[in-house]
Amino acid sequence: MNRMELSARPPQIPAVCLNSNGTTAGPHRPGSVIVLDSGFDCTDTYEGHGSLVNRTVRESGFSGPISRTQVQFRGNAATQLDKQPLTPEQARQALRQDAANLVTGSLNGYAESLNAQSRAGARNSVMNISGGLNKADVVRALINRMCDNPQSLDNATRAFGVDQEKLRSSDPKVSGPEMLKLQQGLVNTTNQALDNNPQVARAQNNYNTAVKRFESQQNSVVVAVGNTGAAVLHPGVKLPQDFQRSFNVNDDVTAVGASMRGIGRSGFSANERSNIVYAEGMAPTNNLAPGQTQPSMGTSFAAPRIAGVMAELHRRHPNLSSAQVENLMRNQLTDQRGGYTELDPGKVRQFYTNR
């Protein structure tokens, strides 16, 4: 789940949440949307990310079968960053290994799930991936760990020569340079850990191969590009050119960003590719928690709107390839708005009505 998204927390288990979780269909059903996510739980205080994605598919107007599949992230054992004091070099090595584990675990988990669907005979269906990672996500995850664990912060500040007392200062003139030093160190270390890393390259190849195999059976893979377009880092941090490039987005998948009704493209959408197709990024608007003024938002909830349309196109045109289905969607159901491509809700409603 993208941490920038706002999680809806209903006061009781909503019927729509339970019904969404109960909506399953075998991968042999043509025209299915397969929601691949990390969790579909519904409790009296929390609705899982996968459940929200599921409900977004249905709210978009899609009435075909939905199959939900929980992804299992496959990575190496965690390092000792948050367990014991480390030397600066040990801490940097632990951070590099953590960064690599996050990416390889994600890629290997998605590859395994895609291959399982291919072996099961999925055809004319769409795999919806609303998760994924880029370098910005990795840096954010490492920062979150330091916020949650004092030992991780101790080791990271030691790794980059950061003065913790100054870092905690309420005076930005004092804390600012230390924050810049810490964040730049994390960005540089993440970049070093992931570039030209054989472990990451193998996982990327496994994922790319799994996508090709799945799509070779007249299926499509739809991937949310992520919510790191407005990543909050110190303004002085120098970022690599591919900082927002998702490891789950390649030339074969359909990359999806979020737009806001009546406003346009969302500032939080990652923007690493020119061929992104945008869709409404709001989750279903019902069952808000007390005091919550708006539903969850993110590219996670734009992707399932595209997935539903493409699944229906696969059902109607079972011999078309993934690329052909995407082109058909772009030509018939999108508009060009100020230099970007956006799914048109009116055209989509008419498309679902004219079956």
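## Overall make-up

Helices (H or I, at least four residues) and strands (E, at least two) are taken here as DSSP runs, numbered from the N terminus. On that basis the protein chain has eleven helices and nine strands. This is a predicted model, in which local features need pLDDT of at least 70 and side-chain atom pairs count only at pLDDT 80 or more, while totals for chains, interfaces and linings use all residues. Residues are numbered from 1 along each chain as its sequence is written, and side-chain values use heavy atoms, with hydrogens and water left out.

Of the 355 residues in the protein chain, 56% are buried; buried means under 20% relative accessible area, exposed over 50%, and partly exposed in between (1.4 Å probe, protein chains only).

## Two nonpolar cores

A nonpolar core is a set of buried Ala, Val, Leu, Ile, Met, Phe, Trp, Tyr and Cys residues joined through side-chain atoms within 4.5 Å. The largest one has 54 residues, and Tyr 207 and Val 221 have the most contacts inside it. Elements giving two or more residues to this core include strand 1 (33-37), helix 3 (88-119), helix 8 (198-215) and strand 4 (220-224). Helix 3 supplies the largest share, ten residues.

Let's look at Val 221: leaving aside residues up to four places away in sequence, Val 221 touches Leu 114, Met 127, Ile 129, Val 211, Phe 214, Glu 215, Val 253 and Thr 254. Apart from this core lies another, of 37 residues, among them Ala 279, Ile 306, Val 309 and Val 348.

## Salt bridges

The whole structure holds 17 salt bridges, each a side-chain nitrogen of Lys or Arg within 4 Å of a carboxyl oxygen of Asp or Glu. Arg 145 pairs with Asp 98, with the closest N and O atoms 2.2 Å apart. Arg 145 lies in helix 4 and Asp 98 in helix 3, so the bridge ties together parts that are 47 residues apart in sequence. Arg 145 is partly exposed at 25% relative accessible area, whereas Asp 98 is buried at 5%.

Lys 135 forms a salt bridge with Asp 242 (3.1 Å between the closest N and O atoms). Lys 135 is in helix 4 and Asp 242 in the loop between strand 4 and strand 5 (254-260), so this pair ties together parts 107 residues apart in sequence.

Terms used:
Contact = heavy atoms within 4.5 Å.
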